[in-house]
Amino acid sequence: MIALARRYRPKRFADLLVQDHVAAVLRGAVARGRVGHGYLLTGPRGVGKTTAARILAMALNCPTRDPSGDPCGECESCLRIWNGGASLDVIEIDAASNRGVDDARELRERAMYAASQAGHHKVYIVDEAHMLTREAWNALLKILEEPPPGVVFVFATTEPQKIAATAAPVLSRLQRFDFRRIGPASIRARLRQVLDAEGIAADDDALTLIARHADGGMRDALSVLDQCLSFGEGAVSAARVREVLGLVADELYADVLALVADRRPEGVFGLVDRLVDAGADLTEFMGGAGELLRSLLMLQLGNEPEGLTEAVRQGLDSYRDRLDPGDVVRMLRLLTETEAPIRRSANPRLVVETLLLRWTMMDRMVDLKQVLEGGAAERRTVGRGGGPGPGARGASGEPMVRPPAGGEMRKVEIPPIPPPAAAPPPVPADPPVRPSALSDAWPGILSEVRARSRFLGEALAGVTPGPVEGSSLSLLLEESNPLFAERLQAQAGAVEEVVQRHTGQTLRIRVSVAEAGAAPSKPRPMTESSVRADRLRSFRAKDPALDTAADALDLEIVD
Ligand SMILES: [Zn+2]
């Protein structure tokens, strides 16, 4: 089986993917008989530079050329050139292996011979041209200064700046074309076209994964597709592509975002277990995580990221509002700090675990904003210099860090939970729950929850219920225990159900956490949350200008 990349290599300017700007100029030059003596084709690998050079050579030598300038692509001359190396009139040189002055001298001598037939052009295609030595360029410069008739040089390079450094005078004699990266959508479309021609089916996600991996290069995309085809029978699935490329399942990336958004450091170990069990390459995982965060940031800043699979797209949509763009930038920064260590480390697993733990334990901008906004609101109502409000808990001995009324709270919004299908419809005539009714029912609620789950019961035991506002019930967690808060949030539905049974009311639960600022005089062990609380307190001491500057400052202060 001929490799797809070869079988489907374009034969006409019209088929050059994405490089229309180049194709149009070259085709026009051929049609008008005004082809130059030297061209420089630059751009990333696999985007069609050498292919364009061959099409130019085909067009110059095709006896049945189209009036538009396109070669026929079918005649003996065209096919010989297209296959590479078998034509007398087209000489392909790989500068990476022939870079010296001797070759250049030989080239110069050979260039003196005319083309094999009258009316033909002799085309030299020099690949990896940045590898040529200064001496070689000097020899070439002499040819280009007085080019023999009918001789065309086409230099292709991924690194034009190197040519500028070694051979600036040559550059001024070349017409330069910059080839573009081929976008994921164009690569997907082309892959689909090739598969249709081959009569093979494929998932959209499979093609998306290949396009992402190819990173702008059509040749790479087609050779990955080749590998996938030889690896299995039937339709090309996303799973097969992942297997071939050693990619991590998209669901795992979505799970990472969930752990970060929900602050669940304890879930990190299980996730890395799953990664390792699936045989994932951890460095590849880190690269994928970086891509994911970049896409998330693009979405948050109003750009449309390309090349996402359905699973990833859904994951990003559900987390774009739960993570602040500033936090995503900080996650990316932590990730880049980890990239070098993971390559050196004897224990890459530990490196990945540490990174994910740092992400899940990271101080978060949304929280800080809420603290600051909450504080600002309190100041407006209580007034500057007012004593601790009735809701303040504990005595503050430090005037600089006096907590606002209500204590320093970190409010964590729980996304609305859809009512369970079997739940009875709420009765509109329900009287509002009186605070006393709730406190009366509380011991019963607590013991029933405890009977269900000891851990959830423990979490709920540290809670002061109320107040009830409309249909929402605030639960203030007195102890700043992220695991308790996390569990209460995760199982709010279960608690709501018990509350409903004991009070006859359908209430949505909101969990708030009283920060440790309530009792600042008591020495506390240094925990992750106490450090966070201290930092928040020091922010507040620098009040009041901080509220407005919070966004900008957070990036610098934290972590
Ligand atoms: Zn032809």
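**Start with the whole chain**

The model is a predicted one. Show everything as a cartoon. The chain has 25 helices and nine strands. Of its 559 residues, 36% count as buried. Now think about contacts between residues at least 6 apart in sequence: 74% of them join residues at least 24 apart.

**Stop 1: the five-stranded sheet**

Select strands E1 to E5. In what order do the strands sit in this open sheet? The order is E2-E3-E4-E1-E5, with parallel pairing. Look at the edges next. Strand E2 (90–94) and strand E5 (175–178) stand there, and each has a single partner strand, so one side of each has no neighbour in the sheet. From one strand to the next, the twist averages 15 degrees.

Zoom in on one pair. Select 38–42 for strand E1 and 151–157 for strand E4. Five bridges join these two strands in the parallel sense. Pick Gly 38 and find its bridge partner in E4, which is Phe 153. While you have side chains on show, keep a general rule in mind. In a regular strand, side chains alternate between the two faces of the sheet.

**Stop 2: the largest nonpolar core**

Which residues touch the most other members of the largest nonpolar core? Select Leu 41, Leu 56, Val 154, Phe 155, Ile 210 and Ala 221. The core has 100 residues.

Stay with Ile 210. Leave aside its neighbours within four places in sequence. Ile 210 is then in contact with Leu 191, Ala 221, Val 224, Leu 225 and Val 241. There is also a second, separate core of 19 residues, and its members include Ala 459, Leu 475, Ala 485 and Leu 488.

**Stop 3: helix H10**

Select residues 204–214, which form helix H10. Is this helix mostly covered or mostly uncovered? It is mostly covered, with eight of its eleven residues buried. Colour those eight: Ala 206, Leu 207, Thr 208, Leu 209, Ile 210, Ala 211, Arg 212 and Ala 214. The buried residues of H10 pack against helix H9 (184–198), helix H11 (218–231) and helix H12 (238–245).

Step past the end of H10 to Asp 215. Asp 215 lies in the loop between H10 and H11. Its phi is near 55 degrees, a positive value in a residue other than glycine. Asp 215 is partly exposed, with 16 other C-beta atoms within 10 Å.

**Stop 4: where H11 meets H12**

How do H11 and H12 pack? Their angle is about 110 degrees, and their axes are 10 Å apart. The two helices are therefore roughly perpendicular to each other. From H11, select Val 224, Gln 227, Cys 228 and Phe 231. From H12, select Arg 240, Val 241, Val 244 and Leu 245. These residues make the contact. They divide into six nonpolar, one polar and one charged.

Now pick Leu 229, also in H11. Leu 229 is partly exposed, with 18 other C-beta atoms within 10 Å. Beyond residues up to four places away in sequence, Leu 229 touches Ile 200 and Val 236. Draw a distance line from Leu 229 to Ile 200. They are 29 residues apart in sequence and 9.1 Å apart in space, C-alpha to C-alpha.

**Stop 5: Arg 263**

Move to the loop between helix H13 (250–261) and helix H14 (268–277), and select Arg 263. Its phi is near 50 degrees, again a positive value in a residue other than glycine. Is Arg 263 buried or exposed? With 20 C-beta neighbours inside 10 Å, Arg 263 counts as buried.

**Stop 6**

Finish with another group of strands. Select E7 (463–469) and E8 (472–477), which run antiparallel and are joined by five bridges. Thr 464 stands opposite Leu 476 in E8. Two residues lie between the strands of this hairpin, where Gly 470 takes a positive phi near 60 degrees.

E8 and E9 pair in the parallel sense over six bridges.

Conventions: Residues numbered from 1 in each chain as written. Predicted model: local features only at pLDDT ≥ 70, side-chain atom pairs only at ≥ 80, totals over all residues. Pairing = 2+ DSSP bridges. Helix = DSSP H or I, 4+ residues; strand = E, 2+ residues; numbered from the N terminus. Axes fitted to C-alpha atoms, helices over the stretch in contact; angles between N-to-C directions. Buried ≥ 20, exposed ≤ 12 C-beta atoms within 10 Å, placed from the backbone. Contact = placed C-beta atoms within 7 Å. Core = buried A, V, L, I, M, F, W, Y, C linked by C-beta atoms within 7 Å. Parallel < 35°, antiparallel > 145°, perpendicular 65-115°, else oblique. Nonpolar A, V, L, I, M, F, W, Y, C, P; charged D, E, K, R; others polar.
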